[in-house]
Amino acid sequence: MNELLPWHQDVFSRLQQQREQGRLPHALLLTGPAGTGKQQLAGVFARSLLCEQPQARGIPCGQCHGCTLYAAASHPDLHILEPAEDSRVIKIDQVRELIESLSMSSHYGRAKVVIVAPADSMNVAASNALLKTLEEPPGDTVLLLVSARPSFLPATIRSRCQLLRLPLPGMDQARTWLAAQLADSQDVDILLALTAGAPLAARQAADEAQLARRTQMLNDWQSLAAGQADPVQIAAKWVKPEAVLPISWMYGWVADMIRLRKEGAQHLLNRDASAALLTLARQVDLVKLYDLLDRILEGLRLTSSQVNPQTIVEGLLLYWSNMPRSNSTTSIS
Ligand SMILES: [Zn+2]
């Protein structure tokens, strides 16, 4: 999450220029469409301010003490003001606490950086409490306010910040970036259309869709074991968007079933599904599971050949559903 996004390169360079010329404002308000990475830019810029040996164009080195502390989310000169976990607003106590820690000198002799995100989640009292700090930040403090809805901010806050409007990426840029983040099969254009061209929002939508697909497939996998589903129909459903992911997931489940039988619950890939996988694992013969694992590997290899993916998945699901099973869940140790 620390990379500089391609569509922020120009803005980032301008910020670095201002910084080199000693013209960097004490308070910046980063605005722009939701889901385009405004907060990520704030993070990269904060890191570059805290980095001890920034590379060309101000890119943080990633290796110095400052960068290491940042990566561990424990840099004492970085302050993040955001709603507490159980709340949707930033409260006055949080602002007071911030002001208190800003009154102390910087721990590493460099800048102190504050990220307020989303800035429009400050309630009125919190906003008022921050005004003085925005106007005259103590020492070498830089405040980065992030908001997709700057009109929700009080004018008193807005007028004390330099406005930095961040762009929506160009369609080609968004498409290229998103495609590199996703599995081959996912439809980049549809996802971008659904999220009004906002690539980070699109990636999140893709993750959620992926999660739902895996959950559904794990249910099918259990129904097959219980003899309650037809392997041919399930195979047709599974390969519909693409076949590599279902086969990879099957590999993970079977590998975990073997682990559960042999060594217990350590080192599982699918921790969230361990109970279901353990139940399934106890019903079948371990040797058969190893055999299935080999077949799945072979299936994965075949996906890059001319073999019809549905045939591959069908074969694997038939093998899985026809495996001899004991009814007892405890008989096999
Ligand atoms: Zn560094």
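Modeller: The largest nonpolar core has 37 residues, and Trp-221, Met-250 and Trp-320 touch the most other members. A nonpolar core here is a set of buried Ala, Val, Leu, Ile, Met, Phe, Trp, Tyr and Cys residues joined through side-chain atoms within 4.5 Å. Buried means under 20% relative accessible area, exposed over 50%, and partly exposed in between, with a 1.4 Å probe and protein chains only. This is a predicted model, in which local features need pLDDT of at least 70 and side-chain atom pairs count only at pLDDT 80 or more, while totals for chains, interfaces and linings use all residues. Residues are numbered from 1 along each chain as its sequence is written, and side-chain values use heavy atoms, with hydrogens and water left out.

At least two residues of the core come from each of α9, α10 (231-238), α11 (244-262), α12 (274-283), α13 (286-302) and α14 (309-322). The most come from α11, with 10 residues. Helices (H or I, at least four residues) and strands (E, at least two) are DSSP runs, numbered from the N terminus.

Not counting residues up to four places away in sequence, Trp-221 touches Trp-238, Met-250, Trp-253, Val-254, Met-257, Leu-280, Leu-292, Leu-317 and Trp-320; contact means heavy atoms within 4.5 Å. Another core, of 25 residues, lies apart from this one, and Leu-24, Val-44, Ala-46 and Leu-164 are among its residues.

Leu-41 is a residue of helix α2 (residues 38-50). Leu-41 is buried, with a relative accessible area of 2%. Leaving aside neighbours within four places in sequence, its contacts are Leu-4, His-8, Val-11, Phe-12, Leu-30 and Leu-166. Val-11 is 30 residues from Leu-41 along the chain, and their C-alpha atoms are separated by 9.2 Å.

Back at α9 (residues 199-225), its axis and that of α7 (residues 171-181) come within 10 Å and cross at roughly 30°. Axes are lines fitted to C-alpha atoms, for helices over the stretch in contact, and angles run from 0 to 180 degrees between N-to-C directions. The two helices, α7 and α9, are therefore roughly parallel to each other, a term for angles under 35 degrees. In α7, Ala-174, Trp-177, Leu-178 and Gln-181 meet Pro-199, Leu-200, Ala-202 and Arg-203 of α9.

The loop between α8 (188-194) and α9 holds Ala-196. Phi of Ala-196 is near 55°, a positive value in a residue other than glycine. Ala-196 is exposed, with a relative accessible area of 61%.

How values were computed. Angles under 35 degrees count as roughly parallel, over 145 as roughly antiparallel, 65 to 115 as roughly perpendicular and the rest as oblique.
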